[in-house]
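Student: I'd like a quick walk through this one. Can you show it to me?
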Amino acid sequence: MNTIALTAARMGIGEAGIAAVLGYAVVFFGLVLLMCVVILMGKAMAGTRNPAKAETPAPAAAPAAPAAPSAPPAPGSAGEVKLFDVPDKEAAMIMAIVADKMGKPLNELRFKSIKEVK
C-alpha cells in the first residue's frame, strides 16, 4: 500500500483539520504573493510606458472663437457645443460614434459640451 494512503488512514480528525488549514494557508499565501508581484509589475510598467508624454508640455488652450449671436443655427442643428481641450475633429468623431451607437441621426441629438477626462 502507498505510504501517503497509510498516513491518511492513521490520521485523526484533528490532524486532518490542521493539515487542511495549513494547506489553505499555503495556497492563500501564494495568491497574496502573486497579487503583490502583479501590482508591482503594473506600477513598474506604468512608470516606463509614458515618459514621452510627461516630457512634452501641454499646448496652451486656444480660446474658442465667439459665434455670431445674430446668425441662426443651421437647419437640423441643435445649437452650440462647448469644447474643453478637445479638437474639433475629435469632437465630430465622438458625436458621430454616439449617434451611431444610439441608432439616431446626428441632427436629433443635442450635445451641450465635450470634455476630455484626464
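Student: What is the mean pLDDT?
Tutor: The mean is 79, and 67% of the residues reach 70 or more. pLDDT is the predictor's confidence in each residue, from 0 to 100.

Student: Which elements have the lowest and highest mean pLDDT?
Tutor: Helix 3 (residues 51-55) has the lowest, at 55, and helix 2 the highest, at 92. Where pLDDT is low, the predicted coordinates should not be read in detail.

Student: How many helices and strands are there?
Tutor: There are 4 helices and 2 strands. From the N terminus on, they run α-α-α-β-α-β. Both kinds are DSSP runs, numbered from the N terminus: helices are H or I with at least four residues, strands E with at least two.

Student: Which residues are buried in helix 4?
Tutor: Ala91, Met95 and Ala99 are buried there. The buried residues of helix 4 fall within an arc of 70 degrees seen down its axis, so they line one face. That arc is taken from the directions from the helix axis to the C-beta atoms. Buried means under 20% relative accessible area, exposed over 50%, and partly exposed in between (1.4 Å probe, protein chains only).

Student: What about the face turned away?
Tutor: That face of helix 4 carries the exposed residues Lys89, Ile97, Asp100 and Lys101.

Student: How much of the whole protein is buried?
Tutor: Buried residues make up 6% of its 118 residues.

Student: New topic. Where is aspartate 85?
Tutor: Aspartate 85 sits in the loop between strand 1 and helix 4. Its phi is positive, about 60 degrees, although it is not a glycine. Aspartate 85 counts as partly exposed because its relative accessible area is 48%.

Student: And where is proline 87?
Tutor: Proline 87 lies in the loop between strand 1 (82-84) and helix 4 (88-102). At 42% relative accessibility, proline 87 is partly exposed. From proline 87 to isoleucine 114 is 9.9 Å, C-alpha to C-alpha, with the two 27 residues apart in sequence.

Student: Last one. Where does methionine 45 lie?
Tutor: Methionine 45 is in helix 2 (residues 13-49). Methionine 45 counts as partly exposed because its relative accessibility is 47%.

Technical notes: Residues are numbered from 1 along each chain as its sequence is written. This is a predicted model: local features need pLDDT of at least 70, side-chain atom pairs count only at pLDDT 80 or more; totals for chains, interfaces and linings use all residues. Side-chain values use heavy atoms; hydrogens and water are left out.
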